[in-house]
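These are my notebook entries on one chain. I set down what I looked up, entry by entry.

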Amino acid sequence: MSIGFFAAVSEVSLWPLAVLVISVAFVVVMISVIRAHAFLALILAAILAGLMAEQLPGAKARVAKPDSPVVSPDGRPLRNHWVQAVELTSIEFGRTAGGIAIVIGLATIISMCLMESGAADKVVRRFLAFFGERNAGIALLLSTYVLSIPIFFDTMFMLMVPLARALQLRTGKDYLLYVMAVCCGGVITHSMTVPHPGPLAMVENLKIDVGVSILAGIVVGLVPLATGWCVCQWLNARLDIPMRETPGTTLAELRSIVDKPESELPSFAWAITPVLLPIFLISLSSLMVIGKGNDAFVKLFGGREAFASAFAFVEFIGNKNVALLIGTLLSMFVLARQKGYNVGKICELIGPPLETSGTIILITAAGGAFGLMLRNAGVGEAIQAAAKGHALNMIWLSYLVAVVIRVAQGSATVAMLTTSAMMYPIITGGAGLSYDPIYIFLAIGFGGFAFSWMNDSGFWVVSKLGGLTETETLKTWTVLLTVNSAVGVLATWVLSLLVPFPLGKPGQ
């Protein structure tokens with residue numbers, strides 16, 4: 001290691017890196033060995049990181065000196081370091097939950113309504129009709145990619161895998177191709193688009209525009225999607241994996257999916273609108289923000305005054321919470337219209353999914369608290385000091401940090417939460433980026449789903465519901481996600497060189 005490295009890091013203590021390693025190891029042991037609930041493991045890890053930190057905002061020095069301050073710069077008395085570690089964890093937990101709770105709850109309701117009304121099934125059928133049964137794998141790939149924008153991966157896989165099994169009954173072949181197509185289409189949006197909790201937290205942590213993040217995630221995600229399809233075909237040709245019996249799925253149920261008449265499903269327009277409308281509204285709001293400084297764009301609305309009125313309205317309906325609420329109400333209407341349910345019946349159906357989303361919110365917010373406590377512990381500054389003078393590209397650094405955290409503790413969401421919280425002070429503390437910070441968002445997102453193995457819940461969902469052995473899952477699911485991750489970050493890096501479009505530092 002060069003002398004320059006030690007000179008660069010001597011200015012900043014590297015103890016925060018030890019805090020990072022110890023905290024991540026603690027999470028791994030708690031979840032993988034002790035089998036503790038992820039919420040408990042992450043909250044305890046956040047507190048542990050705070051306790052080990054050399055200094056915390058608003059806390060007295062752990063080793064007080066005669067000249068140690070007793071008040072913060074704003075005049076507030078400093079707290080005991082240990083007490084502040086707990087209090088800051090609570091504050092960061094609430095801050096993360098405040099940014100994601102409503103969106104996750106609404107997205108859960110939309111997911112339930114799409115499945116219960118048959119809307120998701122309708123979208124898949126239209127894709128099959130367009131591409132033909134011969135191209136059923138591509139139909140599953142693209143329909144999953146679209147439908148999974150507002151639907152969590154686990155839910156999406158549970159929705160789509162019966163269709164993959166039904167297609168195998170119809171075609172008599174290519175079961176692995178169909179299952180991997182569902183995986184490929186669903187996992188990219190889970191890590192790249194709001195309202196999924198990981199991307200949502202990254203938007204909050206990196207101060208990225210929501211609409212821009214959605215558009216960038218969907219468009220750039222097409223590159224690993226196309227590559228992933230080639231990997232799916234390669235895996236299908238290389239491995240002969242039969243369709244096996246899985247719990248809760250009978251042959252009669254599979255036949256019913258294939259034979260269900262179109263009259264029992266909503267129209268394609270009603271089926272797809274609850275998915276696309278929120279995305280359109282959020283993107284429209286972002287377009288208005290980008291265009292408000294352009295005189296030609298403003299003139300399209302009849303001048304500044306008219307534009308200001310239109311902007312206020314679009315900004316409201318394009319708010320992520322409002323847009324998802326509109327999509328939720330529309331999906332509930334589709335369900336009521338299709339099944340003849342009243343509000344009371346729909347609310348009964350909403351209950352269990354909301355209970356599930358509550359757990360997701362708790363785990364996600366705890367992961368956010370963990371990541372933010374690592375930031376408070378100075379991990380970002382330590383990484384910045386270690387990288388100083390070595391011309392490390394922030395895109396590749398963000399990606400590698402996300403990959404390390406992902407492999408260590410298994411959750412893509414936690415990897416995205418933690419890495420984005422750590423990277424924000426780094427990319428805002430120096431001379432600034434030579435490219436738009438949306439590329440940091442993309443790099444972290446792609447790093448968040450690499451190298452899925454047995455500490456990832458998605459690994460077991462695919463294995464158990466797909467009827468694959470652990471070894472088969474490692475050879476297929478893990479390989480597919482890792483290739484997609486590498487291709488995605490490579491595409492991100494190339495785009496940052498070709499289309500930098502620096503818009504300033506995050507938060508400006």
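This is a predicted model: local features need pLDDT of at least 70, side-chain atom pairs count only at pLDDT 80 or more; totals for chains, interfaces and linings use all residues.

Entry 1: I then located Leu474 in helix 22, which covers residues 470-498.

**Entry 2: the nonpolar cores.** I next asked which residues have the most contacts inside the largest nonpolar core. That core has 129 residues, and the residues in question are Leu140, Phe157 and Met180. Helix 8, residues 175-192, gives the most to this core, with 13 residues. I also noted another core lying apart from it, of seven residues, including Ile109, Met332, Leu335 and Ile346.

I returned to Leu140 and listed what it touches, not counting residues up to four places away in sequence. The list consists of Val124, Met160, Ala164, Leu167, Tyr178, Ala181 and Val182.

**Entry 3: Ser191.** I looked up Ser191 and found it in helix 8. Its relative accessible area is 1%. The cut-off for buried is under 20%, and Ser191 is therefore buried. Which residues are in contact with Ser191, leaving aside its neighbours within four places in sequence? I recorded Pro199, Met202, Ala412, Met416, Gly445 and Phe449.

**Entry 4: helix 3.** I checked the span of helix 3, residues 38-52. At 1.5 Å a residue, its 15 residues should span 21 Å. The end C-alpha atoms are 21 Å apart, so the model agrees with the expectation. I then asked which residues of helix 3 are buried. They are Ala41, Leu42, Ile43, Ala45, Ala46, Ile47, Ala49, Gly50 and Met52.

**Entry 5: the chain as a whole.** The chain has 22 helices and zero strands. Of its 508 residues, 53% count as buried. The chain exposes about 21700 Å², and carbon and sulfur atoms supply 66% of that area. Finally, I looked at contacts with a separation of 6 or more: residues 24 or more positions apart account for 80% of them.

Note on methods:
Residues are numbered from 1 along each chain as its sequence is written. Side-chain values use heavy atoms; hydrogens and water are left out. Helices (H or I, at least four residues) and strands (E, at least two) are DSSP runs, numbered from the N terminus. A nonpolar core is a set of buried Ala, Val, Leu, Ile, Met, Phe, Trp, Tyr and Cys residues joined through side-chain atoms within 4.5 Å. Buried means under 20% relative accessible area, exposed over 50%, partly exposed in between (1.4 Å probe, protein chains only). Contact means heavy atoms within 4.5 Å. The expected span of a helix is 1.5 Å times one less than its number of residues. Accessible areas come from the Shrake-Rupley method with a 1.4 Å probe; for residues, only the protein chains shown count as cover.
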